[in-house]
Amino acid sequence: MSFFNWDWVARNWTSILERTWEHVFLTGVAVGVGTVIAMGLSLVAVRRRRWYGPITSVTNILYTIPSLALFAFLVPFTGLSTLTSEIGLVSYTLLIIVRNTVAGIDGVSAGVREAADGMGFTARSRFWKAEFPLALPVIMAGIRIAAVTTVGLVTITAILGQGGLGYFILAGLRSFFWTQIIVGTVGSVLLAVVIDVGLLRVERLLTPWSRSRTA
């Protein structure tokens, strides 16, 4: 392709690798922190059902705020920093993971709960030894969706100087240099696919019984 400069890629491959790692780091921190917070909120929602509505309402509001508007709102408080990027990115993971976690736990059959109670499990042990493992495929599906969404959102944080591969997209748009735009765009898409496949493999390792049931 005449509009794609392979020589530029060869000269800047170290920078591409650095920006890719930055993209992975921002995504990993956001999804990791978001998962921890969402799990805590989900446990509250499962044990105290009256809190499910308020929790999902707040997380839904955060999810629907346009990313540029949210980052612009945070800048006066936290500056053009990684913290600003992560606060915004984490907030977008919460709704997806909370909903999938609660849905996964609610999807566990009453028969499983009755069997666990019959075996003398306490409410806590029943949750961790029966309900949570069976809900894990649905929970992991939510984490995968959140991760792929976050990969896309990280490109927007380039306006904060923290954009990973989004740096190339922004730089390419400013200079009308298609090679940078393509590198940033294609790199982000490939990264999203790799992360999604990687999390799918993690899910299969954590839930070997689901593979046996499918077979």
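The following questions and answers cover salt bridges in a predicted model.

Residues are numbered from 1 along each chain as its sequence is written, and side-chain values use heavy atoms, with hydrogens and water left out. Local features need pLDDT of at least 70, side-chain atom pairs count only at pLDDT 80 or more, and totals for chains, interfaces and linings use all residues.

User: How many salt bridges does the structure hold?
Analyst: A salt bridge is a side-chain nitrogen of Lys or Arg within 4 Å of a carboxyl oxygen of Asp or Glu. Under that criterion, the count for the structure is five.

User: Is Glu22, the partner of Arg19, buried or exposed?
Analyst: The side chains of Arg19 and Glu22 form a salt bridge at 3.1 Å, N to O. Because these residues are three apart in helix H2 (residues 13–47), about one helical turn separates them; helices (H or I, at least four residues) are DSSP runs numbered from the N terminus. Buried means under 20% relative accessible area, exposed over 50%, and partly exposed in between, with a 1.4 Å probe and protein chains only. At 18%, Glu22 is buried.

User: How many residues apart are Asp106 and Arg49?
Analyst: Their side chains meet in a salt bridge at 2.3 Å, N to O. Asp106 is in helix H5 (residues 82–106) and Arg49 in the loop between H2 and helix H3 (52–64), so the pair links distant parts of the chain. The separation is 57 residues.

User: Which residues does the network with Arg144 join?
Analyst: Arg144 and Asp196 meet in a salt bridge at 2.9 Å, N to O. Arg144 lies in helix H7 (residues 123–156) and Asp196 in helix H9 (residues 178–206), so the bridge ties together parts 52 residues apart in sequence. Salt bridges that share partners form one network of Arg144, Asp196 and Glu203.

Notes:
Helices (H or I, at least four residues) and strands (E, at least two) are DSSP runs, numbered from the N terminus.
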